[in-house]
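Hello,

Here is the structure we talked about. Please have a look before you read my notes below.

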Amino acid sequence: MAIHHKILGVATLLYLLVFFLHILYFSLKKEKALSAIWITLYGTICIHTLGLVLRWIESYRMDIGHVPLANFYESLIFFAWSVTFMLIVMRKKIPYPVITMCASLASLFLMGYASISPSVDRSIQPLIPALQSNWLHIHVITCFVAYAAFVISFVCGLLYFVEWKGVVPPKEVLDNINYRSVIIGFPMLSAGILTGAVWAHYAWGSYWSWDPKETWSLITWIIYALFLHARLVSGWREKRIALISIIGFMSVIFTYFGVNFILSGLHTYAT
Amino acid sequence: MISLLGLDDAYHAPWFIALIALFALSLVLCSLRRLALFVKEKKTIVLPEEDRLLKMDLHSYIPEKDFSETLGLLARRYRLALGDGQGAVLEKGRLSRYGVFIIHASIIIILAGGLIGLLFGYRGFVTLKVGETKDRLTLRGKSPAEVPLGFALTCKDFKVNFYPTGEPKDFVSSVEIVENGKAVLGKEIRVNEPLSYKGIRFYQSHYGSAPVFFFNVGGEKVALMEREAFRKNSLLLMVARYESRVHDFGPGVLVAYLDGGEPKATWFLKNVDRLREQDLQGVRVSLNDIQEQLYTGLEASRDPGVFVVWAGFVFILFGLYVNFFVRHRRIYLLKVPGGLLVAGTALRNRGDLDKEFKNLLEEIHGHTP
């Protein structure tokens, strides 16, 4: 087993630790547990980044060097990284451990799925010609940062329907965090779609081919555009907004997983 | 029914295009209305009365400070929108108000670019054997048609490189543009590295191998692929079909030709002497060899709208940034008995105006001429 697999395994265990620290916090309600959570989260992202970097270096040692953003396994690992990254970016705006707990659980799930599922190829594969482009980095990074922001929005949307005094933050706070994560996610998703279009122009000869992934990312984009219009123009708040964010995330899930497994298209190398 | 509704090609169906047109129209109307609103709003900036300023979340009374001096201090950071000797309105980040307009206008620009491409562009492909030259491309669509390129494209060489694992690493077509019999440009086309010439782009799309038939037609050497036609004097012939084994006689090709306007066909068998050479319309035709040859498949497209689309992309990203991350805030300054009244509001993207306002007050208080 290569060293980067071990390091990423450690990162997965750290996500589990983050989860247990949250449980500890909710049972003890000690500030110390809260700072332990954040210290562990910072440590986790360092280890996680190290794992990605080592995988990157390993690919160069194998003489097929490329950034680890090229296949389904690598995208899962990067998705988990992006969620943690987004938590750190939004740290000041989300001082509610229940949100960090749910988001870290999402990271844990992604890491676990990536390392356990027999259908995921974990080896470093050479880059097929279509992927050999500098647009790969910017396209994948923008898309997954957007997905990560939508994870936080989804968590807020779900928590809206959970009544648990002292654990779940007030509803208007959830609503506000939900909006804040969507205004990060939406421009990022836009950038992801646009960089993808520019890349497609150079690689496939057309900036838009109605490939299933393209179509579904557009559907996702429209749902979050509706979210913003509902909130900013029609003044929708709280419950209905929470519902749209849940629907939006279902669409994200379908764009990311569903399209790969159910529909075939130009993006098939991502499976 | 399915083809009537265009469900087999929904994205080009009339109802789909009509929907997009409707969407674009509503965008135009929305944007115009919003723009009119902003212009009106800009004209009607007023300095609120003292009691309204006092109701604002952020306000502060500053005793014993000079009005014009404080105004000078504020004007370093904010743009003066309105002002007389008694009071002033300053603002910053006004652009944020136009964010929505920029975003919606960009979508219209992108759609317009798409329309330009749809109306004045085309998509097709060119397949070239190594050494072959073509001056037209085949359009994609229900009824394939050919379009002249206005120049010729020669494939000088084609290579596929593989990784040690056996997966393809690189497809490279070395091509040359020939215009008026002269080679004007040579380039290697790779996946992700198209060739652009006179508005037409050539993309490395696929490759393959196909049998090539080497004929001698009336003393002239000709290489033909399946379904390719050739004319010599009054004889028009075409390779209609290839069989790697015709019964037990080895490889053969079915050659179709016109006999006084009447289509006829005859088999040429490479390994049978009697059938290798035949007279067609008085022209001696012989099948000399059959070889598998690599060919390169190039996507070819012309899209004059692409730069309009790119411009739309840049504008929309700028618009999104401005709309969500630029804060539009106003600072009000009013002369009151014994001092000044300063108030601030965020009209969009509230953010950290509290902190900014606090810093501003400290600066005014600490400022000594």
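B:Phe120 sits in helix H4 of chain B. This is a predicted model. B:Phe120 counts as exposed, because its relative accessibility is 54%, over the 50% cut-off. B:Phe120 belongs to a nonpolar surface patch, together with B:Ile17, B:Leu115, B:Leu118 and B:Leu119.

Now the salt bridges. Over all chains there are 25.

- B:Arg329 pairs with B:Glu356, with 3.0 Å between the closest N and O atoms. B:Arg329 is in strand E18 (residues 328-336) and B:Glu356 in helix H7 (residues 353-366), both of chain B, so the pair ties together parts 27 residues apart in sequence. Buried or exposed? B:Arg329 is buried, at 9% relative accessibility. B:Glu356 is buried too, at 13%.
- A network also turns up: salt bridges with shared partners join B:Arg79, B:Glu91, B:Arg94 and B:Arg330.
- B:Arg284 bridges to B:Glu277, again with closest N and O atoms 3.0 Å apart. B:Arg284 is partly exposed at 40%, and B:Glu277 is partly exposed at 39%.
- In chain A, A:Lys171 bridges to A:Glu163 at 3.4 Å between the closest N and O atoms. A:Lys171 is partly exposed at 25%, whereas A:Glu163 is exposed at 68%.

Last, helix H5 (residues 135-159) of chain A. Its 25 residues span 36 Å from first C-alpha to last, close to the 36 Å expected at 1.5 Å a residue. H5(A) is mostly covered, with 20 of its 25 residues buried.

Best wishes

Note on methods:
Residues are numbered from 1 along each chain as its sequence is written. Chains are lettered from A and ligands numbered from 1 in the order in which they are written. This is a predicted model: local features need pLDDT of at least 70, side-chain atom pairs count only at pLDDT 80 or more; totals for chains, interfaces and linings use all residues. Side-chain values use heavy atoms; hydrogens and water are left out. Helices (H or I, at least four residues) and strands (E, at least two) are DSSP runs, numbered from the N terminus. The expected span of a helix is 1.5 Å times one less than its number of residues. Buried means under 20% relative accessible area, exposed over 50%, partly exposed in between (1.4 Å probe, protein chains only). Patches are made of residues with over 30% relative accessible area and no salt bridge: like charges are joined within 9 Å, nonpolar side chains (Val, Leu, Ile, Met, Phe, Trp, Tyr) within 5 Å. Accessible areas come from the Shrake-Rupley method with a 1.4 Å probe; for residues, only the protein chains shown count as cover. A salt bridge is a side-chain nitrogen of Lys or Arg within 4 Å of a carboxyl oxygen of Asp or Glu.
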